[in-house]
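Biologist: Could you walk me through this model? I would like to go from single residues up to the packing.

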Amino acid sequence: MNNVVSTQPVSNSHRQKTVQRVLVLTLLLNLTVMGIKIVVGVATGSLSLAADGLHSLTDSANNVLGLIASRYSNPEPDRQHPYGHHKFEAVGALGIAAFLGVACFEILQGAIQRLMHGGETKVGGVELWFLLIVLGINIFVAFYERREGQRVQSQLLIADAYHTMSDIWVTIAVIFGLVGVWVFNWQWLDIVLSLPVAALVMWSGWQVLKQNLPWLVDEMAIAPEAIRQVAMSVPGVIDAHDISSRGVVGRQSFIEMHLVLNVKELETAHQITEEIERLLEQRYDPVRIMIHMEPAEYAENEATAAAMSVSELEI
């Protein structure tokens, strides 16, 4: 069976509606998970499970944050945001990374508390069955969000799926710890297992941060050499320089460049720039392109500077 997720471009309105629909469904499921964990945690006296319930609270908060972010992440420009609204979605993803950091702190704090103050956990088969149900819900949410996020190219859903994956590992660790307590009365087991879980949560937060920082800090999206190669392939172009790009290819990117043209008529120059834009859109759509045209007389003065500009942008 073919499980490859389609990477075909989707409309902005379809992406936004899908993100909101997925977030509403996962919000309801995460609230259910949180309720089960807290009730079972109180019933068993398990500090790790109670902390895990608080961790699940961050899942619900992430969904609310995601709904707010997706509402304002429409990439279409308006008067106040002439470059669109895509960074709202990246900000939402960074908020999820912050929540992952909080979750990691909660896990470590719970482990230290158990070491310092001790405590006894009483657990039975019924409580473990409830936790298996919780684990199944978390697995469904994580894979569902990741699949839908890849399908509609939403970094917000993919980031939230990373967060839910951290919750899966937390729940697995808690289940193993409670099984050890139930069968062997190993009260220390859930403390030991909480440490690698904290490391996994921290790793998930780093992945989310790494994927979204390039968008927020306007990191180069496309190598200037690749853009220049496209521009120089069009007849009438003498040189392309001062090339820059930002954004994320496949989501929204922006390109700016200066062109030295060997033409006299404005209409011909316009046709050349239209052809360059068409070729760049074929490779990097959606993309917005700004081209500054210069006459052939600029070639002698700009040729050396052009090579330097492209070289500097590589650094």
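Biologist: Let me begin with a detail: in which strand is D242 found?

Modeller: This is a predicted model, and in it D242 is found in strand β1, which covers residues 237-248. D242 has a positive phi of about 50° although it is not a glycine.

Biologist: And is D242 buried, exposed or partly exposed?

Modeller: D242 counts as partly exposed, because its relative accessibility is 37%.

Biologist: What is the strand order of the sheet that β1 belongs to?

Modeller: The order is β1-β2-β3 in an open sheet of three strands, and the pairing is mixed. β1 and β3 are the edge strands, each of them pairing on one side only, and from one strand to the next the twist averages 15°.

Biologist: In what sense do β2 and β3 pair?

Modeller: Strand β2, residues 252-261, pairs with β3 in the parallel sense, over eight bridges. As a point of reference in that pair, I255 stands opposite I289 in β3.

Biologist: Which strands does α8 touch?

Modeller: α8 packs on the sheet and touches β1, β2 and β3, with its direction making about 150° with that of β3. Helix α7, residues 224-232, lies across β1 and β2 and runs at about 135° to β1.

Biologist: What about the peptide bond from D285 to P286?

Modeller: That bond is cis, with omega near 0°, and P286 is found in the loop between α8, residues 266-284, and β3, residues 287-294.

Biologist: Changing topic, which residues does UniProt list as "transmembrane region"?

Modeller: The unreviewed UniProt entry lists residues 20-40, 88-108, 128-145, 166-185 and 191-209 under that heading. In the model, residues 20-40 are 100% helix and 0% strand, and the end C-alpha atoms of that span lie 30 Å apart. For residues 166-185 the chain is 95% helix and 0% strand, with the end C-alpha atoms 26 Å apart.

Biologist: How many residues are in the largest nonpolar core, and which have the most contacts inside it?

Modeller: The largest nonpolar core has 37 residues, and those with the most contacts inside it are L131, L178 and V201. The elements that give two or more residues to this core are α1 (12-44), α3 (86-117), α4 (125-152), α5 (155-184) and α6 (189-216). α5 gives the most, with ten residues. There is also a second, separate core of 21 residues, which includes A231, L279, V287 and I291.

Biologist: Staying with V201, what does it touch?

Modeller: Leaving aside residues up to four places away in sequence, V201 touches L100, A103, C104, I107, S166 and V170.

Biologist: Why is α5 described as largely enclosed by the rest of the structure?

Modeller: Of the 30 residues of α5, 21 are buried, so the helix is largely enclosed by the rest of the structure. From its first C-alpha to its last, α5 reaches 43 Å, which is close to the 44 Å expected at 1.5 Å a residue.

Biologist: What follows α5?

Modeller: α5 is followed by N185, whose phi is positive, near 60°, in a residue other than glycine. N185 is found in the loop between α5 and α6, and because its relative accessibility is 51%, N185 counts as exposed.

Biologist: Which residues does N138 touch?

Modeller: Not counting residues up to four places away in sequence, N138 touches N30, V33, K37, T164, D167, I168 and T171. D167, one of these contacts, is found in helix α5 and counts as buried, because its relative accessibility is 0% as well.

Biologist: Last one: what separation do the C-alpha atoms of D167 and V197 have?

Modeller: The C-alpha atoms of D167 and V197 are separated by 9.1 Å, while the two residues are 30 residues apart along the chain.

Methods. Residues numbered from 1 in each chain as written. Predicted model: local features only at pLDDT ≥ 70, side-chain atom pairs only at ≥ 80, totals over all residues. Heavy atoms only, no water. UniProt positions renumbered as here; feature names shortened; annotations may be inferred. Helix = DSSP H or I, 4+ residues; strand = E, 2+ residues; numbered from the N terminus. Core = buried A, V, L, I, M, F, W, Y, C linked by side-chain atoms within 4.5 Å. Buried < 20%, exposed > 50% of the residue type's maximum accessible area, 1.4 Å probe, protein only. Contact = heavy atoms within 4.5 Å. Expected span 1.5 Å × (residues − 1). Pairing = 2+ DSSP bridges. Axes fitted to C-alpha atoms, helices over the stretch in contact; angles between N-to-C directions.
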